[in-house]
Amino acid sequence: MPRYNRFMRNEFTAIIERDGDLYIAYCPEVPGANGQGRTKDSALASLGKAISLILEDRRADALRGLPKDAIRETVIVG
């Protein structure tokens, strides 16, 4: 069995706090990523979407303006 899958599973820390009727979740590894919901599960789902959007945006931003002769490869971290 291969050690790495084609699609890497990313794991992040979720800190969850109660704020009145809501759960607030944030991720210390991804500044600006936070979520909220009436249940812990909905707060975690909201946080997951926020992390995904932030990482997509950072990737797109990092790739803008690359020189035409730049070599682009994939690195697998496990």
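## Salt bridge

The side chains of R64 and D61 meet in a salt bridge, at 3.7 Å from N to O. The term requires a side-chain nitrogen of Lys or Arg within 4 Å of a carboxyl oxygen of Asp or Glu. The structure holds one salt bridge. R64 is exposed, with a relative accessible area of 52%. D61 counts as partly exposed because its relative accessibility is 48%. Buried means under 20% relative accessible area, exposed means over 50%, and partly exposed lies in between (1.4 Å probe, protein chains only).

## Basis of the model

This is a predicted model: local features need pLDDT of at least 70, side-chain atom pairs count only at pLDDT 80 or more, and totals for chains, interfaces and linings use all residues. Residues are numbered from 1 along each chain as its sequence is written, and side-chain values use heavy atoms, with hydrogens and water left out.

## Overall fold

The protein has one helix and three strands. From the N terminus, the order is β-β-β-α. Elements are DSSP runs numbered from the N terminus: helices are H or I with at least four residues, strands are E with at least two.

Buried residues make up 14% of the 78 residues. The accessible surface comes to about 6900 Å², and 51% of it belongs to carbon and sulfur atoms. Areas come from the Shrake-Rupley method with a 1.4 Å probe; for residues, only the protein chains shown count as cover. Among contacts with a separation of 6 or more, residues 24 or more positions apart account for 19%. A contact means heavy atoms within 4.5 Å.

## Strands

Strand β1 (residues 15–19) pairs with β2 in the antiparallel sense, over five bridges. Two strands pair if DSSP finds at least two bridges between them. E17 stands opposite I24 in β2. D19 has L22 as its bridge partner in β2. The hairpin of β1 and β2 has two residues between the strands, and G20 there takes a positive phi near 65°. G20 counts as exposed, at 57% relative accessibility. G20 and R38 are 18 residues apart in sequence, and their C-alpha atoms are 9.6 Å apart in space.

β2 and β3 also run antiparallel, joined by four bridges. Y23 stands opposite G37 in β3. Y26 has N34 as its bridge partner in β3. Side chains alternate along β3.

## Helix α1

Helix α1 spans residues 40–63, with 24 residues. Its first and last C-alpha atoms are 35 Å apart, close to the 34 Å expected at 1.5 Å a residue. The expected span is 1.5 Å times one less than the number of residues. G65 follows α1 and has a positive phi, near 75°.

Which residues of α1 are buried? They are A43, L47, A50, I51 and I54. Their cover includes β2 (22–26) and β3 (34–37).

## Nonpolar core

The largest nonpolar core has eight residues: A25, C27, V30, A33, A43, L47, I51 and I54. The largest share of this core, four residues, comes from α1. A nonpolar core is a set of buried Ala, Val, Leu, Ile, Met, Phe, Trp, Tyr and Cys residues joined through side-chain atoms within 4.5 Å. In soluble globular proteins, nonpolar side chains tend to be buried together. Leaving aside neighbours within four places in sequence, I54 is in contact with V30, P31, G32 and A33.

Where does C27 sit? C27 is in the loop between β2 and β3. C27 counts as buried because its relative accessibility is 3%. C27 and I16 are eleven residues apart in sequence and 9.0 Å apart in space, C-alpha to C-alpha.
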